[in-house]
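Please keep the model open while reading.

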Amino acid sequence: MKKTIAITAAVLAASPAMAEDLSVVGSWSSLPLHNQFEAPFWTETLPAASGGEINVALTTHNQMNLGVGDVYRLLGDGVYDVAMTVADYAVADAPELEGLDVPLLAMTADEARAMVDAARPMVEDIYNARFNSHVLAIAPYPPQVVFCNAEINSLDDLAGLQIRASGRMTAKFLEALGAEGVNVSFSEVPGALQRGVVDCAVTGAGSGYSAGWWEVSTHLLPIPLGGWDSVVTAINLDRWNAMDADTQALIEAEIATGFEDPAWAVAQDALVNDIACLTGNGECPAGEARDMILVEVSEADFDRARDILVTEVLPDWAERAGSEWATRWNESVGATVGVTVPVN
């Protein structure tokens, strides 16, 4: 009897004090981050960890047919409780948020996570102020690489092409290269490549594989021109503040170990596997390998890209974001990667 009472007490101590029903809007439903990590966490892991006291109704922004720029706006308005999507989709409302996912600074998953961890206090303040929300997690898509339906052999060959960018900073970078950054939504890219509306498009290698971009593109340039496309999971701040401390602690602990850590743990191998799946260079664990042409990235290409980033793209962002945010970036992300943005 004493043992039963002790077990019951332990379960109650680990559970929220009050039942919570959460409406959750996930990221792209077709992509591995949602299917392998988001959906299992919200529908299985968290409800189980709460002893059934947290109930989740899960959908995704594309299933709701939301404009990607509206995801966090509606979250802040309390239309739903939790939302997650690519941070770059929200930069029209918060240009300072572009500093979370700067291209070409992190070449490995460990380096990318170090950048994210350094930026997190800044990101939390942005979401508090801009979107009336609290950041629960930041997880990666794989590095954003270049798919082209045109022959390219180096970075120089992107000049003069129309290229779908994965974010505003990437678009600025492409313009500095002499390309034209084109705004095309992720779901519309295959048709745009097929019709010649764009010559190339930037997205994660795995995302492009899952979405069939290999059917309408021939060349793959695996230089991370679009960063790691960080996906921010946030909860409406009023909803969060209304929860008791035990519920908050449970959600934060579980999302760190049950979603964020596992998503980062596979990020590096995912890039290698995804390139193999797209090009046939190596084993493809995700399914049938395709036959895109892999364009080798030279040291000269990388050095030129990095120089453009530091001398043109980042100063442009600092001017738009403002000196306060540029200073905070220098003291956090910049200190982590060894880059300083000029502050006016």
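## Basis

Two strands count as paired if DSSP finds at least two bridges between them. Helices (H or I, at least four residues) and strands (E, at least two) are DSSP runs, numbered from the N terminus. The model is predicted: local features need pLDDT of at least 70 and side-chain atom pairs count only at pLDDT 80 or more, while totals for chains, interfaces and linings use all residues. Residues are numbered from 1 along each chain as its sequence is written, and side-chain values use heavy atoms, with hydrogens and water left out.

## Strands 5 and 8

Strand 5 (residues 144–148) pairs with strand 8 (residues 200–204) in the antiparallel sense, over five bridges. Gln144 faces Gly204 of strand 8 across this pairing. Strand 5 also runs antiparallel to strand 9 (residues 219–221), joined by three bridges. There, Phe147 stands opposite Leu220. Strand 8 has a parallel partner too: two bridges join it to strand 6 (residues 162–164). Ile163 stands opposite Cys200 in that strand.

Are the residues of strand 5 buried or exposed? Five of its five residues are buried (under 20% relative accessible area; exposed is over 50%, partly exposed in between; 1.4 Å probe, protein chains only). In a regular strand, side chains alternate between the two faces of the sheet. Gln144, Val146 and Cys148 point one way from strand 5, and Val145 and Phe147 the other way. Strand 8 likewise has five of five residues buried, so the rest of the structure largely encloses it.

## Positive phi

Most residues other than glycine have a negative phi. Asn132 has a positive phi, near 45°. It sits in the loop between helix 4 (109–131) and strand 4 (133–139). Asn132 is partly exposed because its relative accessibility is 23%.

Asp229 also has a positive phi, about 45°, although it is not a glycine. Its loop lies between strand 9 and strand 10 (231–236). Asp229 counts as buried because its relative accessible area is 5%.

## Salt bridges

How many salt bridges does the structure hold? There are 13, each a side-chain nitrogen of Lys or Arg within 4 Å of a carboxyl oxygen of Asp or Glu. Glu20 and Arg239 meet in one of them, at 2.8 Å, N to O. Glu20 lies in strand 1 (residues 20–26) and Arg239 in helix 8 (residues 237–241), so the pair ties together parts 219 residues apart in sequence. Glu20 is buried, at 9% relative accessibility.

Arg120 bridges to Glu260, with the closest N and O atoms 2.8 Å apart. This pair links helix 4 to helix 9 (residues 245–265), 140 residues apart. Arg120 is partly exposed at 23%, whereas Glu260 is buried at 5%. Arg328 and Asp125 meet at 2.9 Å, N to O. Arg328 is in helix 12 (residues 323–337) and Asp125 in helix 4, 203 residues apart. Shared partners join Glu98, Arg168, Asp316 and Arg320 into one salt-bridge network.

## Surface charge

Glu299, Asp303, Asp307 and Glu312 gather in a surface patch of negative charge. Such patches use residues with over 30% relative accessible area and no salt bridge, like charges being joined within 9 Å. Glu299 is found in helix 11 (residues 299–321). At 60% relative accessibility, Glu299 counts as exposed.

Note on methods: Patches are made of residues with over 30% relative accessible area and no salt bridge: like charges are joined within 9 Å, nonpolar side chains (Val, Leu, Ile, Met, Phe, Trp, Tyr) within 5 Å. Accessible areas come from the Shrake-Rupley method with a 1.4 Å probe; for residues, only the protein chains shown count as cover. Lys and Arg count as positive and Asp and Glu as negative; His and the chain ends are not counted. The place of a charge is taken as NZ of Lys, CZ of Arg, CG of Asp or CD of Glu.
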